[in-house]
Amino acid sequence: MLSSSALGGLLLAVSIGSIWASFDVMFEKFEQLNGTEIVSVKLRVRKYNRTISVLAGIMDLKEVADNNLEVGIRCAYSSKGNNQFNQYPMKIARTKMCDFLNNDWREYYPYFENSSNLPKVGECPVQPMEFYFNDMVLDSNMFPPYLPHGLWRMSISLYRPGVDIPVILVEVYFKVAAVGVL
Ligand SMILES: *[C@@H]1O[C@H](CO)[C@@H](O)[C@H](O)[C@H]1NC(C)=O
Ligand SMILES: *[C@@H]1O[C@H](CO)[C@@H](O)[C@H](O)[C@H]1NC(C)=O
Ligand SMILES: *[C@@H]1O[C@H](CO)[C@@H](O)[C@H](O)[C@H]1NC(C)=O
């Protein structure tokens, strides 16, 4: 999730349907750094069985979300998994929430629809409610066909229009490794 170039690669991979990710991905950790007064995210990564971890829990949205919020996503990875993160040009530039839900979300929603009740494509404004994640497995096909191996940190920031400091910051950590290694 994903710059226009990364996104372009992703869309191409999806549309021709023959290039599949050559790596495995797995959730590692989830953190909310602030913004619990707007949305309280109680998600955690748990071991599902010996080889798979899943994301589970609830997200309590406490106010209407529409273009009064903007979303931006950036990614960094640590090849040694030692907290020295390098920014990676896979991102979504800051976008108004309804514009995001009408457009980019179309590419990602299919990976969430079976394990959560997140808003459908074009469903905006989003009314206050509790969203759940029911043992979501991270799917490598959601990503561009190549990613460096290591520990990844996806930072999802929500902003008020015209303000540069995010009101909400959540971080999703996941591992990327050669197929069969995780
Ligand atoms: C773990 O669960 C997944 C999903 O149900 C399944 O595909 C996989 O075979 C399981 N692995 C083990 C080691 O049980
Ligand atoms: C979601 O479920 C549908 C129906 O069972 C299935 O066709 C689809 O492949 C699933 N999507 C993902 C990303 O697993
Ligand atoms: C939320 O946390 C991030 C990371 O610590 C910080 O950069 C940002 O300023 C915080 N936002 C507010 C409104 O305090």
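Me: How are residues, chains and ligands numbered, and what does a predicted model require of a local feature?
Reply: Residues count from 1 along each chain as its sequence is written, while chains are lettered from A and ligands numbered from 1 in the order in which they are written. In this predicted model local features need pLDDT of at least 70, side-chain atom pairs count only at pLDDT 80 or more, and totals for chains, interfaces and linings use all residues.

Me: What is the mean pLDDT of the chain, and where does pLDDT stay under 50?
Reply: pLDDT is the predictor's confidence in each residue, from 0 to 100. The chain has a mean of 90, and 88% of its residues reach 70 or more. Residues 1-18 stay under 50. For residues 1-18 the model has 24 contacts beyond four places in sequence, a contact being two residues whose C-beta atoms, placed from the backbone, lie within 7 Å.

Me: How many helices and strands does the chain have, and what makes a run count as one?
Reply: Helices are DSSP runs of H or I with at least four residues, strands are DSSP runs of E with at least two, and both are numbered from the N terminus. The chain has three helices and eight strands, and along the sequence they follow the pattern α-β-β-β-β-β-α-α-β-β-β.

Me: What makes S7 and S8 a pair?
Reply: Two strands pair if DSSP finds at least two bridges between them. Strand S7 (residues 150-159) and strand S8 (residues 168-178) have nine bridges, in the antiparallel sense, so they meet the criterion of at least two. Within this pair, Met 154 stands opposite Val 172 in S8, and Gly 150 stands opposite Val 176 in S8. Strand S4 (residues 70-78) also pairs with S7 in the antiparallel sense over nine bridges, with Glu 70 opposite Tyr 159 in S7.

Me: Why are S1 and S5 said to stand at the edges?
Reply: The five strands form an open antiparallel sheet in the order S1-S8-S7-S4-S5. Strand S1 (23-34) and strand S5 (86-96) each have a single partner strand, so one side of each is left without a neighbour in the sheet. The twist averages 15 degrees from one strand to the next, where axes are lines fitted to C-alpha atoms (for helices over the stretch in contact) and angles run from 0 to 180 degrees between N-to-C directions.

Me: Which strands stand at the edges of the sheet of three strands, and why?
Reply: That open sheet has the order S2-S3-S6, with antiparallel pairing. Strand S2 (39-47) and strand S6 (130-136) are at the edges, because each has a single partner strand and one side without a neighbour in the sheet. Neighbouring strands here are turned by 5 degrees against each other on average, direction ignored. Strand S3 (residues 53-61) and S6 pair over five bridges, and Asp 60 stands opposite Glu 130 in S6.

Me: Is Ile 168 buried or exposed, and how do you know?
Reply: A residue is buried if 20 or more other C-beta atoms, placed from the backbone, lie within 10 Å of its own, exposed if 12 or fewer, and partly exposed in between. Ile 168 has 20, so Ile 168 is buried. Ile 168 belongs to strand S8, and the residues that Ile 168 touches include Asn 34, Val 39 and Ser 157. Val 39 is 129 residues away in sequence and 8.0 Å away from C-alpha to C-alpha.

Me: Why point out the phi values and peptide bonds?
Reply: Most residues other than glycine have a negative phi, and most peptide bonds are trans. Phi is positive at Asn 83, near 75 degrees, and at Asp 135, about 50 degrees. Cys 124 and Pro 125 are joined by a cis peptide bond with omega about 5 degrees.

Me: What makes a residue part of the surroundings of ligand 3, and which residues are they?
Reply: A residue is near a molecule or strand if its C-beta atom, placed from the backbone, lies within 6 Å of it. Leu 33, Asn 34, Ile 165, Pro 166, Val 167 and Leu 169 surround ligand 3.
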